Amino acid sequence: MNLQQDLFKPVMTAYSRGEPLRNHELYESLCTAKVIPEGALLERVRIGKDQALHNPVTRKIRWAQIGLRALGLLEKVPGERGVWRSTAKARGELTPAPRRTVLLGFSTKLGLALWGGLRGRVHGFQ
């Protein structure tokens, strides 16, 4: 397994609270959790055709973010630069029911389960 895939679980753990994180907050979280070595964020090496100086660790973390986005587990926060959050799929949230609608969740010989987006009381059900 490569480092990018090794980072999937720690990166998702950082986003598990469901709150958006800026990239630098993610990097700090991974340092605190000892996922990346102390001082690794200060390292710069020449990378690519232009031999520009970049941090190889943050590049790997960014690629992990992109991989998790491709899996539908992370998303960029619209209108924000460098801010990501976990998706509803990653948090295990269910799709909300449409307003003022009741749907059949399931039925068995013992009864049925209704799923709905009704605010307040439902009249006529016992």
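Predicted model: local features only at pLDDT ≥ 70, side-chain atom pairs only at ≥ 80, totals over all residues.
Of the 126 residues in the chain, buried residues make up 25%. Among contacts between residues at least 6 apart in sequence, 37% join residues at least 24 apart.

**The three-stranded sheet**

- An open sheet of three strands is found with the order β1-β5-β4 and antiparallel pairing, and its edge strands are β1 and β4, each of which pairs on one side only.
- Strands β4 and β5 run antiparallel and are joined by three bridges, with Leu-74 standing opposite Ser-86 in β5.
- On the sheet packs helix α4, which touches β4 and β5 and whose direction makes about 105° with that of β4.
- Strands β1 and β5, which also run antiparallel, are joined by two bridges, and the bridge partner of Leu-21 in β5 is Trp-84.

**The hairpin of β6 and β7**

- Strand β6, covering residues 102–108, pairs with strand β7, covering residues 111–116, in the antiparallel sense over six bridges.
- These two strands, β6 and β7, form a hairpin with two residues between them.

**Packing of helices α3 and α4**

- Two packed helices are described by the angle between their axes and the distance between the axes.
- Helix α3 (residues 23–32) packs with helix α4 (residues 56–70) at an angle of about 110°, and their axes are 11 Å apart.
- Because angles of 65 to 115 degrees count as roughly perpendicular, α3 and α4 are described as roughly perpendicular to each other.
- From α3, the residues Asn-23, Leu-26, Tyr-27 and Leu-30 meet Thr-58, Ile-61, Arg-62 and Gln-65 in α4, and the residues of this contact divide into four nonpolar, three polar and one charged.

**Salt bridges**

- A search of the whole structure finds two salt bridges.
- One of them joins Arg-22 and Glu-80, whose closest N and O atoms are 3.5 Å apart; Arg-22 lies in strand β1 (residues 21–22) and Glu-80 in the loop between β4 (74–76) and β5 (83–86), so the pair ties together parts that are 58 residues apart in sequence.
- Since partly exposed residues lie between the limits of under 20% for buried and over 50% for exposed, Arg-22 falls in that class with a relative accessible area of 37%, and Glu-80 likewise counts as partly exposed at 39% relative accessibility.
- A salt bridge also forms where the side chains of Glu-75 and Arg-85 meet, at 2.7 Å from N to O; this pair links distant parts of the chain, with Glu-75 in strand β4 and Arg-85 in strand β5, ten residues apart.
- By the limits used for accessibility, Glu-75 is partly exposed with a relative accessible area of 29%, and Arg-85 counts as partly exposed at 26% relative accessibility.

Definitions and conventions: Residues numbered from 1 in each chain as written. Heavy atoms only, no water. Salt bridge = Lys/Arg side-chain N within 4 Å of Asp/Glu carboxyl O. Helix = DSSP H or I, 4+ residues; strand = E, 2+ residues; numbered from the N terminus. Buried < 20%, exposed > 50% of the residue type's maximum accessible area, 1.4 Å probe, protein only. Pairing = 2+ DSSP bridges. Axes fitted to C-alpha atoms, helices over the stretch in contact; angles between N-to-C directions. Parallel < 35°, antiparallel > 145°, perpendicular 65-115°, else oblique. Contact = heavy atoms within 4.5 Å. Nonpolar A, V, L, I, M, F, W, Y, C, P; charged D, E, K, R; others polar.
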